[in-house]
Amino acid sequence: MGFKPIPAAVALALTLLIWFGIPVPEGVSPQAWHLLALFVGIIAGIIGKAMPIGAMAMLAITLVALTGVTVPELVDGKPVKNPAGQAMKDALSSLNNSLIWMIGVAIMISRGLLKTGLGARIGYLLISWFGKRTLGVGYSLAIADLFIAPVTPSNTARGGAIVHPIMKSIALSFDSNPENGTEGKIGKYLALVNYHANIITCCIFITATAPNPLVVELVAKATNSDIHLTWGTWFMAMVVPGLVALLIMPVVLYFLYPPEIKQTPNATALAKEELRKMGPMQRNEKIMLAIFLLLLVLWAGVPEMLFGVKIDATATTFLGFSLCLLTGVLTWEDALKEKGAWDTIVWFAALVMMANFLNKLGLIGWLSDYLQAGISGMGLDWAGGCALLVAAYVYSHYMFASGTAHVTAMFGAFYGAGLALGAPPMLFALVMAASTGIMMSLTHYASGSSPVIYGSNFVTMQEWWKAGFIMSVLELLIFGTIGIMWWKVLGYW
């Protein structure tokens, strides 16, 4: 049998319950409601591991194509021509998403760091500096992400293509390998630190992730440009609570998923000895390092800053991969063997497709309006009402595979609701801006870097979701206390 009966039955029951058992709410189209049923069922199947995630993704694409839930009955008052063909196009639409291909190709490039030994060399260097304790290695990864965040607008490139290969090399150097069942030695802990450092740094800089500039624009529109968050204003507001979160996070994860290897007093000497054995850098290592630095410069947007020439982040990733192939650092056979990359492209495309059409069909907008009206009618003061709005905004991200789509669909309505409740505009803007980063900590499909790090298989889905929820609560508390007090000191409210 190609599926697990019990989780498959639960997923099917949830789908049928929403589709047939719950009446379509007023203001929601039947297509949107039925797509929600499929989405909930697929997510339930993934969580319960009814089938491998790639297989669940193929099932999702098939169901969307066959049911036609993305195709409206009328467009401009006329029936849709070839609705079956349109449904198939919709089901496959996200395979044309540049972010998804960036993720997959970045995974392929990371193989070059391992194949050439450059990743191991970097790993041993980090171990030689911070390797006396596992906690120190965790902090080194967090600091590395923090340093490159201001000039790396893609958190996918930063966490998935730059820091993650280094993290993976460190784990493998300690023989912590999911293929051998030894991920608990150190790799599980480091993978979680890798991801959550990536998310926290998204909160600190406008330029650290794609949704942040959109937040700035929506806040300006909602306040008729009375509030326009500059790079400096954002940084000053977020740096204190962000650094507190970054300092606490490795310790929390250390106790939540304690690594088997905690103290390694001989690790520094061992790393230096391994570096001595490796000798000077070889040709392919040097080429890989040059490609790595080129990617870093292009991803950071240096050509645009210096010369006004903008190079797309996904095009940059393809350039890096092509250079790997042209120089022989990687072969096409290496790319074909990178099963995780191809698997990620398929399952992430399916989830993004469903989330995008939930937005396009108006379900997310309806949900936002419903929550806004409900909270406004409770008679709460602005602080209590805004707390509920923030909680709803953050945890609705379980339904999203894109931070940008989430912000586009919900930020304006939720920020407007907070202002209607009487919240200080600047204060609530900063709270919502921080929440936009925090929400990406939740799931293995919550942001572009999550499928890359999750796809290395150091962390199970249940462990990932548990850590994500705990970190989201902790970060909301930090920004909701230390952050608000710091913003008061700055005179922002």
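This note goes through the predicted model in numbered points, from the whole chain down to single residues.

1. Basis of the values. The model is predicted, so local features need pLDDT of at least 70 and side-chain atom pairs count only at pLDDT 80 or more, while totals for chains, interfaces and linings use all residues. Residues are numbered from 1 along each chain as its sequence is written, and side-chain values use heavy atoms, with hydrogens and water left out.

2. Overall make-up. The protein chain holds 23 helices and 2 strands. Both kinds of element are DSSP runs numbered from the N terminus: helices are H or I runs of at least four residues, and strands are E runs of at least two.

3. Overall size. The radius of gyration of the protein chain is 23 Å, which agrees with the value near 23 Å that a compact globule of 493 residues would have. This radius is taken over C-alpha atoms, and the globule rule is 2.2 Å times the number of residues to the power 0.38. Along the principal axes, the C-alpha atoms fill a box of roughly 70 × 60 × 50 Å.

4. Inside and surface. Of the 493 residues in the protein chain, 52% are buried. Buried means under 20% relative accessible area, exposed means over 50%, and partly exposed lies in between (1.4 Å probe, protein chains only). The chain exposes about 20,600 Å², and carbon and sulfur atoms supply 67% of that area. Accessible areas come from the Shrake-Rupley method with a 1.4 Å probe; for residues, only the protein chains shown count as cover.

5. Contacts along the sequence. Take the contacts between residues at least 6 apart in sequence: 78% of them join residues at least 24 apart. Contact here means heavy atoms within 4.5 Å.

6. A helix pair. Helix α7 (residues 134-148) packs with helix α11 (residues 231-256) at an angle of about 145 degrees, and their axes are 10 Å apart. The axes are lines fitted to C-alpha atoms, for helices over the stretch in contact, and angles run from 0 to 180 degrees between N-to-C directions. The crossing of α7 and α11 is right-handed. A crossing is right-handed if the near helix is turned clockwise from the far one by less than a right angle, and left-handed if anticlockwise. On the α7 side the contact is made by T134, L135, Y139, A142 and L146, and on the α11 side by L243, L246, L247, P250, V251 and Y254. These residues divide into 10 nonpolar, 1 polar and no charged. In this count Ala, Val, Leu, Ile, Met, Phe, Trp, Tyr, Cys and Pro are nonpolar, Asp, Glu, Lys and Arg are charged, and the others, Gly among them, are polar.

7. The start of the chain. F3 sits in the segment before α1 (5-21). F3 counts as partly exposed because its relative accessibility is 40%. Leaving out residues up to four places away in sequence, F3 touches A8, A50 and M51. F3 and M56 are 53 residues apart in sequence, and their C-alpha atoms are 9.8 Å apart.

8. Two loop residues with positive phi. K49 is not a glycine, yet has a positive phi of about 55 degrees. K49 is in the loop between α2 (30-47) and α3 (53-67) and is partly exposed, at 35% relative accessibility. N82, also not a glycine, has a positive phi of about 50 degrees. N82 belongs to the loop between β2 (78-79) and α4 (83-91) and is exposed, at 55% relative accessibility.

9. W129. This residue is in helix α6 (residues 118-130). W129 counts as exposed because its relative accessible area is 60%. W129 and S94 are 35 residues apart along the chain, and 42 Å separates their C-alpha atoms.

10. L326 is exposed, with a relative accessible area of 71%, whereas S322 is partly exposed at 33%. From L326 to G112, 214 residues apart along the chain, the C-alpha separation is 13 Å. From S322 to V105, 217 residues apart along the chain, the C-alpha separation is 10.0 Å.
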